[in-house]
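I opened the model to look up a few charged residues and the space around them. My entries follow.

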Amino acid sequence: MELRVCRSFVPAAVTLLAVSACGAPTGSGGSAVNPAATAPMAVANHVRPQVDNKSILKLLTKTVVIGSTVDPKNGDQNPRGLSIAHGSPHGVLTKGQLVFCNYSDSTGKMGAGTTIDALKATSGSSPTRFFQNALIEGCVGAAVHPHDGSVYAAGMTSGKLVEIAKKGAVVKSYTGKLFASPFSDTITNPSQNFSPLYVYVGTTSGTVVSISVGFYGNGVATEVAKGFATSKGSQGGLAPSGFQYDQKTDTLYIVNGANNTIVSFTNASDLLDKDEIIVQPGGKTFKCRYPKTTCGKLIMSGSPLNAPMASAMLPNGNLVVANTQGTSNTLVEFTPAGKVLDTKVVDTSSTQGVYGLVARGTTDANTVIFFTDSNNNTVQELTR
């Protein structure tokens with residue numbers, strides 16, 4: 001008999017209990033159970049809010065340059081993996097800073113960047129270095145821990161995922177077959193400090209790897225999905241990327257510019273075992289081990305998507321992605337149901353440069369979007 005343990009166990013101390021039921025196994029045989037599954041975790045109430053068809057992107061008509069992304073010490077450039085620092089006592093990063101890493105070195109050599117820098121989110125800011133090390137060579141992701149200020153950096157060239165403490169020291173380096181060529185990463189944001197968090201990593205092998213971290217995390221890495229399309233290119237190619245986690249609906253969204261699809265994984269907090277979800281050829285259907293619990297869903301495909309890579313989640317639950325092909329740098333906003341709400345050109349250059357996106361705000365009225373532009377090595381803000 002195959003045993004499955006849910007992640008979404010909520011301790012009795014939490015007044016609002018919300019437990020998502022595990023689906024029955026579909027086959028026989030052994031299946032590894034992640035030990036972190038038995039740890040307490042605050043989970044979403046799984047109540048899907050009403051669909052907000054109001055476009056936030058359409059409201060943002062002004063572009064402001066925040067500052068240069070060129071590392072002030074070694075000249076690394078080509079920014080990726082934009083995040084917002086949550087800040088923590090005695091850490092290097094301060095709350096609200098824009099954190100990014102550089103994919104290229106000072107000569108422009110792709111995949112040779114080794115730095116993570118930060119900018120204050122105000123116009124005229126100058127970058128400050130947070131970290132530099134060959135362990136993150138070809139850095140494509142810099143996910144910030146929501147509580148302790150640490151950063152998880154993905155080095156595509158080095159083939160490593162590196163945990164970096166809030167003061168800039170290496171804590172742990174994940175390597176091996178699962179991380180042969182990481183392409184993007186994100187970290188979930190549970191509502192309570194004392195709960196496991198999960199770092200999701202996309203790779204150029206077309207896989208998604210999950211790592212439990214935090215107070216109750218055990219650091220075990222598991223390939224939870226495979227079969228995503230990939231492609232090669234001068235900027236590192238395309239693969240599963242642009243991860244966004246919606247805590248309200250317990251949904252993980254994944255961008256795949258190799259076949260112009262956006263997919264979601266339902267009940268993402270229960271995604272535990274090796275290859276639970278297998279993306280079928282074409283990227284639009286899925287083979288799922290536990291179809292009543294965790295499975296894939298196609299959100300949208302085709303135009304106006306054009307090799308998207310980066311994404312941002314808006315406070316109303318809608319998403320924005322950045323195309324990396326075409327005649328200009330275009331953002332696309334859509335609902336979780338795949339309805340396109342707006343498109344916006346943020347750089348008219350025919351050279352693609354938007355490889356990092358993040359939104360800040362709590363309502364439609366106060367949300368702004370930050371994006372990286374490697375054509376001029378800046379972070380810019382879309383605002384009113």
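I first wrote down the accessibility classes: buried means under 20% relative accessible area, exposed over 50%, and partly exposed in between, with a 1.4 Å probe and protein chains only. This is a predicted model, in which local features need pLDDT of at least 70 and side-chain atom pairs count only at pLDDT 80 or more, while totals for chains, interfaces and linings use all residues. Residues are numbered from 1 along each chain as its sequence is written, and side-chain values use heavy atoms, with hydrogens and water left out.

Entry: salt bridges.
I searched the whole structure and found four salt bridges (a side-chain nitrogen of Lys or Arg within 4 Å of a carboxyl oxygen of Asp or Glu). One of them pairs lysine 274 with glutamate 223, at 3.8 Å from N to O. Lysine 274 sits in the loop between strand S16 (261-265) and strand S17 (277-279), and glutamate 223 is 51 residues away in strand S13 (residues 221-226). Strands here are DSSP runs (E, at least two residues), numbered from the N terminus.

I noted a salt bridge between lysine 226 and aspartate 275 at 3.6 Å, N to O. Lysine 226 is in S13 and aspartate 275 in the loop between S16 and S17, so this pair ties together parts 49 residues apart in sequence. Which of the classes does lysine 226 fall into? Lysine 226 counts as partly exposed because its relative accessibility is 33%. Aspartate 275 is buried, at 11%, and it also bridges to lysine 274, with the closest N and O atoms 3.5 Å apart. Shared partners join Glu223, Lys226, Lys274 and Asp275 into one network.

Entry: glutamate 163.
I found glutamate 163 in strand S8 (residues 160-164). It is buried but has no salt bridge, and lysine 172, the nearest side chain of opposite charge, is 6.5 Å away. For charge, Lys and Arg count as positive and Asp and Glu as negative, with His and the chain ends not counted.

Entry: aspartate 342.
I located aspartate 342 in strand S23 (residues 340-347). It counts as buried because its relative accessibility is 13%. I listed its contacts (heavy atoms within 4.5 Å) beyond four places in sequence, and they include Ser55, Leu57 and Lys58.

How values were computed: Helix = DSSP H or I, 4+ residues; strand = E, 2+ residues; numbered from the N terminus.
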